[in-house]
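Colleague: I would like to go through this model with you, one topic at a time. Could you take my questions as they come?

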Amino acid sequence: MSYARILAHYPYVVLLVVLVVVATCLIVSVTLGHQLDFDDPLEGFEPRGTEIGERMVAYRNLMDNVGENANLLPFRHNKKSTLIDRIKERTKNGNRKKKKKKKKKKKNRNKDKSKATEYKFENITFSSDSNEQFFCSIPYKRYARVVFTSVDSSNLYSLEHIKSMCLHEEHHLHLHEPYQNKCIKPTGQQGCCRSWCLGSYVALLTNRSSCKHITHQDVVEVLNLLKSCAPFYQNYTIGPNCDYSPDAWFFDADHNSRLKVCPGVPDRCVRYNAVFHILHYLVDRHFMEEIVAGKQTPHLSYAITFLPLTVSSASVDIYEYMESLPKNFNGVQIVGAKFEVKFTLFEKYLKSDSIWLACAGCAIFVAMWLFSASVFITVMTFLAVFWALTVAYFLYMFVFEIKFFPYMNMVTVIVMIGIGADDVFIYCKVWHLSKSEPNNGALEKIITDTLRHATLSMLVTSLTTAASFYANCISDVTAIQCFSIYAGTAVLCNFVLTITWIPATIMLYEKWCNFCSCYNPGVYISDDGCCSAVCKFPCRLYYLLSDWSRIFFDKLLPCLVIRLRYLWLLLFGCLGVCGFVVIFYYPKLKLPSTNQFQVFSSDHWLEKYDFELSEMFAFEKMSEDEIPLLPITVIWGIHATDTGDPLNPRKKGTLVFDESFDLAEKASQIWILKFCSRLRRTDFYLNSPGMQLTNCFLENFVQGFMKQSCKGNYPCCNQTRFPYSKADFNHCLRTYVPILHRTPSAAYSSYSPGPRFSDGRVSAFVVEFLSNEPFSQNYKKMKMFYQHINRWMTDEMLQAPKEMRNGWFISDLGFFDLQNSLAVGTPLALGVSLAVAAVVAFFTTLNFLISLYAIFTVMFIIVVTIAGLVLQGWELNIMESVVVTVAIGMSIDFTLHYGVAYRLSPDLDREMRVACSVGRMGSAIAMAAFTTFLAGVFMMPSTVLVYRKFGIFLMILVSASWIYSTFFFQSLLRILGPQGGFSQFHWPASDCCSSSPHEHVDKTVYALSESTLSSSSTSNPNHMSSEIHELEPLSEGQDPVYHSQRSSQHLHNYHYHHPQHRARSKGAYTHMKPKCSSDSSPGADTKTVTFEPIASPGSPEVIVEQPEMEQSDSRKTSSSSSHPSTECFETKHKNDIPLHRHKNDEIL
């Protein structure tokens, strides 16, 4: 039994089987699957499997002592970790700085602790020895802060605006209980400390009790003070501690090493260090620059207010409360904030933004309902999309066994809504074409024809889209790999459901669910009443849109494409060339320029501060001496191997030890000392002052510990000669390490270089120095640094003894590795995706020219899309890399639909083939483009950046795809397209099973059942009247013989709705004529139509059975009649919905 026969007679069986399968997948996924967790949006955004990636994983495993075989101390019973260990383990994920600066900061922190200042997340208190305490301390970076600006962009330095900024906290935050519980409080007081704002500093400098009491004269006086003191700040004469009072609230302990006296600075400029605080912390740099330039009224655009609240995830409720406050507060508004709650809020926003996914789904639901005219089919289509996502998740989790589900996978929902709608549009379109064909045959034949054509078209687009997703598996970034696997699998699952669930749904609707009265005008008894009006409205709208659609896609659009073909080629060709200039010349597609990761839209408070506003304030600008230097870390004893799961960032694997490593060998001891000596002579080494106990561990061991007196220390003394024997070396090393660990000044912790032990034996060894290369986000500089040191290390390892030959180098290169993976992986994935698209295009059309033009068109679509993204300031980051690769699979769909339609057109000349392809597929492609564009539009209000960026991408891509495929690609085909069988290949045919060499004669008895000719959405007469209608030649120079042949063919194959339908090969016994008859029974007022076969001359007589059809549905009769008559077809309905007949119907 064929699949078409099953669908025709047992559609419920197909639905039941699919439902059982997807329900099983859903139940297993819900009960046994992992709960989705998006707490850390950065999880998985690191390369795995690269040279640097494997080294970094091995290094982290070594530092974390994974497997307990790389202990800091010789034996596991020793104290494993100290307080310093725990502190460094939490803070050393960033870049390490110079040793000298570390020691100074450590001393300063100790001084801070001695001042009895306590910082906690809750019930924070502050105490100071100073009697004069206007503020609790100075504004530190550890405090939460908000940025104000004026609503009307006026000068923020005015009495009204300064007071508004100051009173904002008092009017709103002081009334919020969580803020009162978590703010910093002075000792012995219940209220919170005063916020550090411009108004409070004006009150301080003018001896006012608070900002509420300041006057206009006070504001002017402080401005004059700033004008006179700003030059000292600009030339760095004024520092943070010019008013040097270590016990006062305005003393900056972190800068205690600065000059205690600021020579030549007036006393009024250093009082309370207030001028420095205002210019350095509270006002933007442009305001200070205008003051120095001597501008009479400098313009203040932005001002910061520091809140007495420690930045942490514990303040998330306070931030949310501030977001809920009115945006406008007496002429000022908050435009940015720093609370360190970005990742804490991410999962919440990810869920709340799902409302926009729902809105996009509703909009596409309405569009699909209008196109299909069936709520049932539309609902079942959305169920198919949900089933596809469910089955893909089941395969992802339980078949592929990928346990990590990044938040980027949620973007698949947007893709699937658009793709699911596109496939249904194509299937319904082909279904309409098959049913509206004259003599379309049995229902099984209609289903077979529909599946044959629609499946090919959908398979092509599904394969190209899935291939573009799967091509991203080449990437080394875990999140990209996981997204590509899930999205590609979902596309293929959607295709399977489209050829099973959707056909069975349409057949079920045809057989049992075709009862929608809104599209059956004869059911209305009266035109009066609200119910009738409501029911008629969608019907009227549907027919109105259908009329305009038929006119546009059958007449106007083909005319525009064909008549203006040279204009379209020139216009869009130049646009594509401009796209190349934008991508590769200026402004160019750049690699990510910052290691900060943006998760929300650019107008979000947290993102606006991090990426825009922070650069406007002096205290956020890092000075050159604060930029961390890159370390040079060399490791022996373990292989740089990542044994973890590359698709799960939580599984880093275990250490793989180098069995040949032996530091105790005499040759190894000698070589390691020479290695350290040679490294110090290189051009990338930084000669750091101060004691270095562990940088080259063996140097301190040999030149320090082993030089001690032998009294009670033998053999670990000066009498033992270097190099040492294995026994002496291991014994003395096991003695030295615990002593070093107990030395406070050494700060010997789990992140310190030196030996690592496994049951008393040295299992690994680490040497670490600082380089003179500062950390940079410049890809080229970091690449040169890595390659230079890696080459030097490779040469050194070649000269090393065999026990030390497997050493390797690592540094803080995580961001560079990400940049390198994107720079290398994206073009490679792009090439793979384009190659797959080219192969699929050729094997689909089997025409070299059509495939060539299709790939050429797709290249222009990709270039224009990427250029549009570059002009919006996009950089090649994680999301952008996925977008660029996916663009190929999603952009080729429309072009291939047109190419297949051109290939299958019955005409031989270019012009009619182009007109045929546009007329047949134009409406479905335009509807698919519209729904996908609509999905992108509804993503724009999202807070989560990945949703918004994917929405922008969809809108640009779909617009470029529709324009280029409709105008550029069709113009190419009209000018240079293949004619006849030129450059056309065919699949090899075999006659081995043929019993006769004669031509096959179709002796099938065709029956048109009522379900076949129903007036449902899938066989709507409006569709029938426009699907097969072809355009007449649009050029005036046609051969007159051609026109005469066409005219004779009109009469030969004429049917009611398609008076200009061209002749097609229908077989020898498929021509029929209608015969009208009246029911003579009493009381009957019904006319019926039967069909009689017309046999061709010389052919045997064949009986073609046709069921009788009542004339009550005139559109059924007209769609199947060859010669309409007034008696049979002129009927009038009681309602005012017009019967849609083609204007040329009246001619004959």
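Colleague: In what order do the strands of the open sheet with S4 in it run?
Modeller: This is a predicted model. In it, three strands make up an open sheet in the order S4-S2-S5, and their pairing is antiparallel.

Colleague: Which are the edge strands?
Modeller: Strand S4 (303-310) and strand S5 (332-338) are the edge strands, as each of them pairs on one side only. Direction ignored, neighbouring strands of this sheet are turned by 30° against each other on average.

Colleague: How many bridges join S2 and S4?
Modeller: Strand S2 (residues 143-150) pairs with S4 over five bridges, in the antiparallel sense. Val-147 has Ile-304 in S4 as its bridge partner, and Phe-148 stands opposite Ala-303 in S4.

Colleague: Is S4 largely enclosed or exposed?
Modeller: Eight of the eight residues of S4 are buried, so the strand is largely enclosed by the rest of the structure.

Colleague: Which residues of S4 lie on each side?
Modeller: On one side are Ala-303, Thr-305, Leu-307 and Leu-309, and on the other are Ile-304, Phe-306, Pro-308 and Thr-310. They are all buried, and both faces of S4 are therefore covered. As a general point, side chains in a regular strand alternate between the two faces of the sheet.

Colleague: Which helix lies across these strands?
Modeller: Helix H6 (residues 159-172) lies across S2, S4 and S5, and runs at about 55° to S5. His-171 is in helix H6.

Colleague: Is His-171 buried or partly exposed?
Modeller: His-171 counts as partly exposed because its relative accessibility is 39%, and buried means under 20%.

Colleague: What about Tyr-393 and Phe-405, how are their rings arranged?
Modeller: Tyr-393 and Phe-405 are also an edge-to-face aromatic pair, at 5.5 Å centre to centre and with 70° between the planes. The pair links distant parts of the chain, twelve residues apart: Tyr-393 belongs to helix H16 (residues 375-399), while Phe-405 is in the loop between H16 and helix H17 (411-436).

Colleague: Why does Tyr-393 count as buried?
Modeller: Tyr-393 counts as buried because its relative accessibility is 12%. Phe-405 is buried with a relative accessible area of 8%.

Colleague: Which residues form the aromatic cluster?
Modeller: Phe-134, Phe-135, Tyr-140, Tyr-143, Trp-196, Tyr-201, Trp-249, Phe-250 and Tyr-272 form one aromatic cluster. The charged end of Arg-142 sits over the ring of Tyr-140, 4.3 Å from its centre. Over the ring of Phe-134 sits the charged end of Arg-194, 3.9 Å from the ring centre.

Colleague: And H17, where does Asp-422 come in?
Modeller: Asp-422 is placed in helix H17. Asp-422 is buried, with a relative accessible area of 13%. Leaving aside neighbours within four places in sequence, Asp-422 is in contact with Ala-928, Thr-931 and Thr-932.

Colleague: Which residues touch the most other members of the largest nonpolar core?
Modeller: Phe-339 and Phe-953 do, in a core of 247 residues. Helix H32 (residues 945-976) gives the largest share of this core, 18 residues. Apart from this core lies another, of 68 residues, which includes Tyr-59, Phe-705, Met-706 and Phe-765. In soluble globular proteins, nonpolar side chains tend to be buried together.

Colleague: What is Phe-953 in contact with?
Modeller: Neighbours within four places in sequence aside, Phe-953 is in contact with Thr-865, Leu-869, Trp-874, Val-883, Ala-887 and Met-890.

Colleague: Lastly, how many helices and strands does the protein have?
Modeller: The secondary structure comes to 36 helices and twelve strands. Of the 1148 residues in the protein, 56% are buried. Among contacts with a separation of 6 or more, 78% are between residues 24 or more positions apart.

Terms used. Residues are numbered from 1 along each chain as its sequence is written. This is a predicted model: local features need pLDDT of at least 70, side-chain atom pairs count only at pLDDT 80 or more; totals for chains, interfaces and linings use all residues. Side-chain values use heavy atoms; hydrogens and water are left out. Rings of Phe, Tyr and Trp (its six-membered ring) pair if their centres lie within 6.5 Å; planes under 30 degrees apart count as stacked, over 60 as edge-to-face and the rest as tilted. Helices (H or I, at least four residues) and strands (E, at least two) are DSSP runs, numbered from the N terminus. Buried means under 20% relative accessible area, exposed over 50%, partly exposed in between (1.4 Å probe, protein chains only). A charge sits over a ring if NZ of Lys or CZ of Arg is within 6 Å of the ring centre and within 35 degrees of the ring normal. Two strands pair if DSSP finds at least two bridges between them. Axes are lines fitted to C-alpha atoms, for helices over the stretch in contact, and angles run from 0 to 180 degrees between N-to-C directions. Contact means heavy atoms within 4.5 Å. A nonpolar core is a set of buried Ala, Val, Leu, Ile, Met, Phe, Trp, Tyr and Cys residues joined through side-chain atoms within 4.5 Å.
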